Amino acid sequence: MATAVTLATLTACDGASDADGANGDASASAAAPQGVLTAKAAAAVVDNYEKVNNKANAALDKDLLGTVEAGQLYAMDKATYTLVPTFSKKEQKAYRSRDLIHRLTREL
């Protein structure tokens, strides 16, 4: 889920006005939309997010997590960090050892 949100953000158009031909300019509508980042750069951003997220989750480090998350996602994950100590030792170990992709695919 977080990765999907990040990917959707990373693939947004560059924000140039009338790039979609809304002004009636046929040549503008023929141009292919371009993202702000290349696919390679976007993949690097997602890889970094996953690495930092996994490290922060293992340590329950909300400050580290705040370097790659913000808004509602960050608020939810910080709340989870306050709940983890209430988990059984087995559940705590499982939470801290699972990587982001494992948790996301398990939730699907």
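What pLDDT does the chain average, and what share of the residues score at least 70?

1. **Confidence overall.** Please keep in mind that this is a predicted model. The chain has an average pLDDT of 76, and 64% of the residues reach a score of at least 70. Helix α4 (residues 62-65) has the highest confidence, at a mean of 96, while helix α1 (residues 2-10) has the lowest, at 48.

2. **Stretches to treat with care.** Over residues 11-15 the pLDDT stays under 50, and the model gives them 8 contacts beyond four places in sequence. For residues 17-21 the pLDDT is also below 50, with 6 contacts beyond near neighbours in sequence. Where pLDDT is low, the predicted coordinates should not be read in detail.

3. **Overall make-up.** You will find 7 helices and 0 strands in the chain. Of the contacts with a separation of 6 or more, 44% are between residues 24 or more positions apart.

4. **Surface and interior.** Of the 108 residues in the chain, 24% are buried. The chain exposes about 7500 Å², and carbon and sulfur atoms supply 59% of that area.

5. **A residue to look at: Glu 69.** You can find Glu 69 in the loop between α4 and α5 (71-83). Is Glu 69 buried or exposed? Its relative accessible area is 5%, so Glu 69 counts as buried, the cut-off being under 20%. The side chains of Glu 69 and Asn 53 are joined by a polar contact of 3.1 Å. Beyond its neighbours within four places in sequence, Glu 69 is in contact with Tyr 49, Asn 53, Tyr 74 and Asp 77.

Definitions and conventions. Residues are numbered from 1 along each chain as its sequence is written. This is a predicted model: local features need pLDDT of at least 70, side-chain atom pairs count only at pLDDT 80 or more; totals for chains, interfaces and linings use all residues. Side-chain values use heavy atoms; hydrogens and water are left out. pLDDT is the predictor's confidence in each residue, from 0 to 100. Helices (H or I, at least four residues) and strands (E, at least two) are DSSP runs, numbered from the N terminus. Contact means heavy atoms within 4.5 Å. Buried means under 20% relative accessible area, exposed over 50%, partly exposed in between (1.4 Å probe, protein chains only). Accessible areas come from the Shrake-Rupley method with a 1.4 Å probe; for residues, only the protein chains shown count as cover. A polar contact is a pair of N or O atoms within 3.5 Å; within protein, one must be able to donate a hydrogen and the other to accept it, and residues adjacent in sequence count only if both atoms are side-chain atoms.
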